[in-house]
Amino acid sequence: MSITLTHYLILGSILFAIGLYGMMKRKNIILILLSSEIMLNAINVALIGIGYHIGNIEGQIVALFILAIAASEVAVGLGLVIAWYKKYKSLDIDSIANLRG
Amino acid sequence: MESIFGFDIFSVGGFYIFAAISIGMSLIVVSSKNILHALSAMALGMVSISAFYFMLDAEFLGVVQLIVYGGAIVALYAFAMMLFDSREDIIESRRNLYVALLISAGIAVALAYTFIDADMGAYAKYISQNIDNLSQNDIPINDTSKKLGLILFTKYIVGFELIGLLLLVALVIGIGLITKSKLSPNPRSKK
């Protein structure tokens with residue numbers, strides 16, 4: 001018994017589905033951002049696992065790019081959330097429904 | 001490699017322990033009522049995910065994951081939460097709970113079934129035999145961190161520079177969004 005690529009891919013799928021559930025269920029904007037972090041990490045686990053089993057280093061490079069993009073996404077997202085909170089005093093995602101027809 | 005009970009105790013045991021920790025912590029993140037608990041659980045979950053990177057011979061990415069997720073991103077969220085009133089519990093509605101559960105469980109089962117059914121290990125072996133990895137074969141180095149650096153700074157140098165530009169843009173946007181503009185010509189912004 002050993003750990004194969006399928007184990008890592010299934011772990012990534014489970015983490016991705018958990019993050020997706022959090023994104024759909026949560027009402028708090030900060031927790032939606034946290035769920036998106038979980039989804040990005042699930043994809044990183046799958047990429048690095050595939051790269052390891054193929055013997056190719058480029059999976060790690062794509063994972064590194066995803067990590068950097070996640071960091072900048074957090075910076076911009078939290079800036080937007082802080083600006084929103086200053087104006088409307090609410091972290092509820094339903095408060096951003098001004099454009100609903 | 002230490003073999004106890006007929007299997008490799010480090011890779012198998014480590015995988016299941018850290019998988020349990022990361023999945024449990026992710027479940028706490030998406031279900032906790034207290035935002036501080038969710039944030040602490042995410043910190044532990046990210047640290048346990050970095051263990052997979054170490055097990056997959058990606059030491060550099062493991063260290064980067066520890067620094068960026070365990071340090072910077074959690075600190076950024078903690079800093080942002082000081083500006084909000086995090087004492088009150090999060091308002092959650094149960095309205096779309098079952099739809100979200102159904103969709104995410106369906107996607108999890110579909111992905112897992114695909115990966116089990118398709119025998120991804122055989123695909124990986126096939127690809128690794130037929131892949132055109134010229135840029136890797138002329139590097140006679142076994143150290144994956146050195147290999148990563150050599151490929152990152154030759155073949156993917158444009159992407160690397162663009163990531164630097166993206167981080168700079170994110171920095172400027174982050175500063176610009178949370179500072180008050182004193183020179184704003186718009187009088188409505190002074191509320």
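How many helices and how many strands are there in chain B? Chain B has eight helices and two strands. Helices here are DSSP runs of H or I with at least four residues, strands are runs of E with at least two, and both are numbered from the N terminus. Read from the N terminus, the order of elements in chain B is β-β-α-α-α-α-α-α-α-α.

Before I continue, a word on conventions. This is a predicted model, in which local features need pLDDT of at least 70 and side-chain atom pairs count only at pLDDT 80 or more, while totals for chains, interfaces and linings use all residues. Residues are numbered from 1 along each chain as its sequence is written, chains are lettered from A and ligands numbered from 1 in the order in which they are written, and side-chain values use heavy atoms, with hydrogens and water left out.

Let me turn to chain B as a whole. Of its 191 residues, 32% are buried. Buried means under 20% relative accessible area, exposed means over 50%, and partly exposed lies in between, with a 1.4 Å probe and protein chains only. Chain B exposes about 12200 Å², and 69% of that area is supplied by carbon and sulfur atoms. The areas come from the Shrake-Rupley method with a 1.4 Å probe, and for residues only the protein chains shown count as cover. Among the contacts in chain B with a separation of 6 or more, 47% join residues 24 or more positions apart; a contact means heavy atoms within 4.5 Å.

I come next to the open spaces. On a 1 Å grid over the protein atoms alone, a cavity is a set of points where a 1.4 Å probe fits but cannot get out, and a pocket is an open set with protein on both sides within 12 Å along at least five of seven lines; lining residues have an atom within 4 Å of a point. Grid points are joined across faces, edges and corners, and a volume is the space filled by probe spheres set on the points.

The largest pocket holds about 650 Å³ of space. Its lining has 32 residues, and A:Ala68, A:Ala71, A:Ser72, A:Ala75 and B:Leu167 lie nearest its centre. Two or more lining residues come from each of helix H3 (58–88) of chain A and, in chain B, helix H3 (59–82), helix H7 (144–152) and helix H8 (157–178). H3(A) provides the largest share, ten residues. What is the make-up of this lining in nonpolar, polar and charged residues? There are 26 nonpolar residues, six polar and no charged. In this count Ala, Val, Leu, Ile, Met, Phe, Trp, Tyr, Cys and Pro are nonpolar, Asp, Glu, Lys and Arg are charged, and the others, Gly among them, are polar.

The structure also holds one cavity of 30 Å³ or more. The volume of the largest cavity is about 40 Å³. Residues of both chains line it, including A:Ile38, B:Ser22, B:Met25 and B:Ile49. Helix H1 (9–31) and helix H2 (35–55) of chain B each give two or more residues to this lining, with H2(B) giving the most, five residues. Seven of the lining residues are nonpolar, three are polar and none is charged.

Now to individual residues, beginning with the salt bridge. Side chains of opposite charge can pair when their charged atoms come close. By the criterion used, a side-chain nitrogen of Lys or Arg lies within 4 Å of a carboxyl oxygen of Asp or Glu. Over all chains, one salt bridge is found. It joins A:Glu58 to B:Lys155, with the closest N and O atoms 3.0 Å apart. The pair crosses between chains, from helix H3 of chain A to the loop between H7 and H8 of chain B. B:Lys155 is partly exposed, at 47% relative accessibility.

A:Leu64 is in helix H3 of chain A and has a relative accessible area of 12%, so it counts as buried. Beyond its neighbours within four places in sequence, A:Leu64 contacts B:Phe60, B:Leu61, B:Val64 and B:Leu152. A:Asn41, in helix H2 of chain A, is buried with a relative accessible area of 0%. Not counting residues up to four places away in sequence, A:Asn41 touches B:Met46, B:Ile49, B:Tyr53, B:Gln65 and B:Tyr69.

B:Asp57 is partly exposed, with a relative accessible area of 34%.
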